[in-house]
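Please look over the sequence and the structure first.

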Amino acid sequence: MVIQRLRALAIVTGLVAATPVAAQTSHTEAGPYLAARAAAAAQDYSAAADWFQTALGADPRNPILLEGAIAGLLAAGEVSEALPLAQRMRETGAASQVANMVLQLDAAERGAWGEIFELLEADRGVGPLVDGLTRVWARIGQGRMDQALSALDEVIETPGLRGFGLYHKALALASAGDFEGADTVLAAAPENGLPVSEPVLLAHAQVLSQLDRRDDALALLDEAGRGSPVLDAMRDKIASGAPIDWDCVTAPADGLSELYISVAGALSNEVPDSYVLLYARAALELDPDRVDGLLLAAGLLERSQRHDLAQSVYERVPATHPAHVTAELGRAEVLRRAGQPERALAVLEELARTAPGLAEVQVALGDLRRSESAPAEAEAAYGRAIDIAGADAAWWLYYMRGVTRHAQDDWAGAEADFRAALEVDADRAEVLNFLGYSLVERGEKLEEALEMIERAVRAQPDNGAIVDSLGWAQFKLGHYREAVDNLERAAELEPVDPIVNDHLGDGYWAVGRMTEARFQWQRALSFGPTPENAERLRRKLAEGLDAVLASEGGTPLRQVAEHR
């Protein structure tokens with residue numbers, strides 16, 4: 001229910017307002033407003049804010065324009081610039097949750113907890129979940145823990161909010177030094193509806209460490225397993241005997257920052273990224289150095305293709321933090337997508353120098369090199385990743401190195417890698433198809449190749465490329481009528497693929513359907529084949545497949561049929 005309510009609020013306070021131009025006052029010029037909406041739709045937050053503010057010049061108290069400008073500034077991380085507009089929105093009397101959010105952030109940063117209650121009493125809240133827990137941290141800011149705990153109990157008893165309430169109760173108790181009470185809440189997390197997430201595990205491990213229960217903290221983290229840089233670093237630190245500080249939430253503003261991150265996480269799969277970003281930015285405004293907020297905001301900006309903003313956020317993750325590698329990998333990917341591969345390479349090479357034992361860094365180097373058509377360098381990087389992973393090397397590491405070796409015409413090396421990948425996962429359709437198709441193209445081990453591709457088709461029957469591989473293998477084996485059935489199916493699944501249509505044309509030619517063959521070759525030519533394939537298609541259209549095969553030193557299909 002609460003998430004559904006927040007989803008509805010996202011429509012109201014989202015960056016792309018649903019209100020048509022006609023809903024504005026008659027004083028507003030349409031040009032800047034339409035430009036603002038276009039920028040917002042493209043998730044160009046700074047540009048949207050600028051255009052909304054330009055439109056405000058003609059109609060300075062228009063709530064639609066004010067809300068658009070505030071949302072754009074908040075999404076861009078410019079909260080101080082949004083504050084005067086939020087104050088103006090309050091003066092208009094119009095309802096705006098995004099403006100209320102900015103006003104509450106300002107009051108919390110100044111420690112003006114009484115102002116937060118004034119805003120809430122004036123019906124200037126953000127939403128039921130945020131408002132309920134904001135009251136909790138504001139009471140703690142006033143030194144009224146008794147009232148804060150009462151407010152927490154109200155949140156906990158509200159349908160849909162129990163998990164949030166319990167988590168923040170544990171944080172509140174721990175921030176006040178009541179680690180026994182915090183442990184009681186966290187220890188019963190699963191039974192009480194509190195998801196055992198990374199933040200919950202980190203908080204509980206720190207609480208147990210404050211209680212001198214290091215063995216219990218290690219057991220908790222061991223049960224969670226490895227894979228999280230933050231939890232792994234905490235596990236190693238506890239095991240080393242080093243002092244463990246409680247630093248999850250040490251002040252009321254930290255608690256509010258945790259609240260906004262909690263809500264952002266809950267909304268991440270429910271509402272548009274632009275709305276989730278508002279909560280991530282709010283969390284960072286209250287705690288600019290919180291790394292989970294930085295990573296969340298950067299990831300959201302990356303998905304919306306705001307590469308410049310994403311890069312600047314990734315850069316804020318300090319080199320001393322366990323998640324620094326994650327941030328640098330993200331920054332390199334953003335630079336690659338922004339068309340700056342050399343800068344991305346510099347980031348990854350520096351990361352490889354400082355973290356030489358991390359396979360994921362070598363994988364990123366391999367991916368970058370492969371995307372830049374440097375297969376030899378990509379092969380070397382994937383090889384280093386395989387060496388680092390050792391016996392735990394995943395199938396796709398061998399597969400990706402095999403692909404790069406294939407691109408260098410190193411068939412022996414490629415085949416060895418593909419077979420190594422199948423030793424790790426014998427039914428992996430991608431590998432079965434690539435190896436099987438390659439063998440077919442080389443005219444080698446055709447029966448084995450056919451069996452591999454048949455297994456791949458059983459695993460992914462609606463994959464047009466794999467179905468095409470099966471038809472092509474049957475064609476190479478001379479099973480023309482069976483081939484046509486599968487090649488037609490492949491063309492249905494991949495109707496604009498030039499290779500698929502080319503293969504179907506060859507299949508039609510082999511069974512005597514020459515007119516249909518030429519039609520398919522013409523279609524293949526219209527779908528952007530490589531220059532080499534395009535030239536071969538033109539020759540087939542002009543001379544027929546038999547003549548082309550003969551000119552290439554092969555045996556025409558008609559002669560093959562005559563000798564059967």
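**Largest pocket**

Lining the largest pocket are 42 residues, and those nearest its centre are Glu198, Pro199, Leu202, Arg290 and Asp292. Helices H10 (162-175), H12 (198-210), H14 (229-240), H15 and H17 (291-303) are the elements that give two or more residues to this lining. The model is predicted: local features need pLDDT of at least 70, side-chain atom pairs count only at pLDDT 80 or more, and totals for chains, interfaces and linings use all residues. Residues are numbered from 1 along each chain as its sequence is written, and side-chain values use heavy atoms, with hydrogens and water left out.

- The volume of the largest pocket is about 1400 Å³.
- Its lining has 20 nonpolar, 12 polar and 10 charged residues.
- Nonpolar covers Ala, Val, Leu, Ile, Met, Phe, Trp, Tyr, Cys and Pro; charged covers Asp, Glu, Lys and Arg; the others, Gly among them, are polar.
- A pocket is an open set of points on a 1 Å grid over the protein atoms alone, with protein on both sides within 12 Å along at least five of seven lines; a cavity is a set where a 1.4 Å probe fits but cannot get out; lining residues have an atom within 4 Å of a point.
- Grid points are joined across faces, edges and corners, and a volume is the space filled by probe spheres set on the points.
- Helices are DSSP runs (H or I, at least four residues), numbered from the N terminus.

**Second largest pocket**

- The second largest pocket holds about 920 Å³ of space.
- Its lining counts 34 residues, with Tyr437, Glu441, Trp472, Ile499 and His503 nearest the centre.
- Helix H27 gives the most to this lining, with 7 residues.
- By class, the lining has 16 nonpolar, 7 polar and 11 charged residues.

**Cavity**

- The count comes to 1 cavity of 30 Å³ or more.
- Gln104, Leu105, Ala108, Ile116, Thr134, Leu256, Tyr260 and Leu286 line the largest cavity.
- Helices H6 (97-110) and H15 (252-267) are the elements that give two or more residues to this lining.
- H6 gives the most, with 3 residues.
- The lining divides into 6 nonpolar, 2 polar and no charged residues.

**Asp506**

- Asp506 sits in helix H29 (residues 498-510).
- Asp506 counts as buried because its relative accessibility is 3%, where buried means under 20% relative accessible area (1.4 Å probe, protein chains only).
- The side chains of Asp506 and Lys540 are joined by a polar contact of 2.8 Å.
- A polar contact is a pair of N or O atoms within 3.5 Å; within protein, one must be able to donate a hydrogen and the other to accept it, and residues adjacent in sequence count only if both atoms are side-chain atoms.

Key:
Buried < 20%, exposed > 50% of the residue type's maximum accessible area, 1.4 Å probe, protein only.
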